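Hi,

Here's the structure I said I'd send over. Have a look at it first, and then read on for what turned up in it.

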Amino acid sequence: MKFIESYPDIQPQSISLLHVFAMIRPRAMARLRPSLRLFPPGLPRLTLSRHTRFALLLILTAALIEVFLHTQSWAVRQPDHELDEPFYTSCQEPAIDQPREKAAMVMLVRNQELMKALKTVQSIEKHFNQWFHYPIVFLNDEPFSNEFISAMNATVSGEARFELVPKKDWLFPEWMDVADAQTSIKAQGKAGILYAGLETYHHMCRFYSGKFYTLEALKDYAWYWRIEPDVEFYCSITYDPFVEMARHDKVYGFTIALPEEPRTCPSLFRRIADYKELNNIPTTELWKATVAASWVPWPLRSFMGWFRHRDRSGDGWSLCHYWSNFEIANLDFFRGKEYQRLFEYLDKTGGFYYERWGDAAVHSLALHMLLPSHKVHHFEDFGYRHDWYYQCPANAPNGQLFESKLLPDGPYSPEREGGIGCRCECDGSRTRNFPKYCTNKLKEPNTARRLSMVESVRSWFP
């Protein structure tokens, strides 16, 4: 107020920062300088010689160049054309007389989940299997009840098979200290780690990560489509995905990609990265896509390797993975020597029980390490929901095949420009309710078009 009183011609409401700086006299600035000192009076100041400053500038410049070159070494190569496009972008007349692949849908389920299982089977029959009649193999670690068997036999249009998972493939491995593992599981549960306090969940993750593929019940099949209780399909699937996967030389297909819950698997990425380095496995474009390169310069970068989700060199895992409750995949890949050898290595570490390694993360990192990117397919034309996450393509304009006598009459959502779905019942105005970041990141090796900065930022949000 004293300052304003010194200038009676200036109204208080018109005072701005520019006015203040314009009117402060040198004497006033002199009074302000002591309060602006960075160092208290009497503290000796550090004085750098010109040569020292020049040397520090050189070191800083070299560090920035090294970081730039390091991050560029992890840049995903941009293909000159799209390597993974939808098999079809509109309805097709179902080829009911077309030869089938040696394939089955597979559901791991318990008797008490009958109603949830029925919901899934009714949905897949309505939207796909009523035309193609693939068998569904039901797996359980306990014998199926007569009620469950009768209900499924009455619902499935193809063969329904009911198989018991062998105890040796489901329970703790023989070499493990069971009491110690159970103590760890209880501790994980108390820590609030997602599903980590459930012993059966650990068994399931280990089973789906390796033992599932060597089941006697699946030995006659080359392909599997994993389905879960209480999921929904929203669009008519009018082509045979097994046939198209084989025709296009694909190995693995997914619908949804998400970040893993970090506390479930703090050492998993490091274990697989060490295995990759130990066996001199070349770095694929998919592996680059899943890695988040460190911005810490050498030689400090290696210290980052002490943290979770990082390799020995200090580079991190993005946590992005394919959500494995839906997957259509080649069994021969997962039965093969390379994958099974990796699984045995991981199993021996005990991470499926001393941590809560999920099969989705194990599958994804293995695929990224062992496969070229064009062998992974995104079924973006499938409408699918599991829990609260869904994928919902818009219906293709002029592609709903209204003249077909095989396809369901509806109701289904309106056609939209750019849509690729077939008679989808969900609202295609919003194609997903989860961030697209992981989907974009894992599809980058197959995508010729790169996202703009604005699009990249928007991909972090649903």
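Before the details: when I say residues meet, or are in contact, I mean that they have heavy atoms within 4.5 Å. Also keep in mind that this is a predicted model.

Let's start with helix α14 (residues 337-349) and helix α16 (residues 359-370). On the α14 side, E338, Y339, L342 and L346 do the touching, and their partners in α16 are V362, H363, A366, M369 and L370. Sorted by class, that contact has seven nonpolar residues, one polar and one charged. As for the geometry, the axes of α14 and α16 lie 11 Å apart, and the two helices pack at an angle of about 130 degrees. That angle makes α14 oblique to α16. The crossing of α14 and α16 is a right-handed one.

How buried is α16? Twelve of its twelve residues count as buried, so α16 is largely enclosed by the rest of the structure. The buried residues of α16 include V362, H363, A366, M369 and L370, and those are the residues that meet α14. Also on the buried list for α16 are D359, S364 and H368. The length of α16 works out too: at 1.5 Å a residue its twelve residues should span 16 Å, and the C-alpha atoms at its ends are 16 Å apart, which agrees.

Now for the other partner of α14, which is helix α11 (residues 268-278). Here the pair packs at an angle of about 130 degrees, with 11 Å between the axes. α11 and α14 are therefore oblique to each other, and α11 crosses α14 in a right-handed way. Which residues of α11 and α14 meet? From α11 there are L268, R271, I272, D274 and Y275, and from α14 there are E338, R341, L342, Y345, L346 and T349. By class, the contact of α11 with α14 comes to six nonpolar, one polar and four charged residues.

You'll find F148 in helix α6 (residues 146-153). With a relative accessibility of 0%, F148 counts as buried. Setting aside neighbours within four places in sequence, F148 is in contact with V109, R110, N111, L114, A117, F138 and F162. H133 is 15 residues from F148 along the chain, and the C-alpha atoms of the two are separated by 20 Å.

Cheers

Terms used:
Residues are numbered from 1 along each chain as its sequence is written. This is a predicted model: local features need pLDDT of at least 70, side-chain atom pairs count only at pLDDT 80 or more; totals for chains, interfaces and linings use all residues. Side-chain values use heavy atoms; hydrogens and water are left out. Axes are lines fitted to C-alpha atoms, for helices over the stretch in contact, and angles run from 0 to 180 degrees between N-to-C directions. Helices (H or I, at least four residues) and strands (E, at least two) are DSSP runs, numbered from the N terminus. Angles under 35 degrees count as roughly parallel, over 145 as roughly antiparallel, 65 to 115 as roughly perpendicular and the rest as oblique. A crossing is left-handed if the near helix is turned anticlockwise from the far one by less than a right angle, and right-handed if clockwise. Ala, Val, Leu, Ile, Met, Phe, Trp, Tyr, Cys and Pro count as nonpolar, Asp, Glu, Lys and Arg as charged, and the others, Gly among them, as polar. The expected span of a helix is 1.5 Å times one less than its number of residues. Buried means under 20% relative accessible area, exposed over 50%, partly exposed in between (1.4 Å probe, protein chains only).
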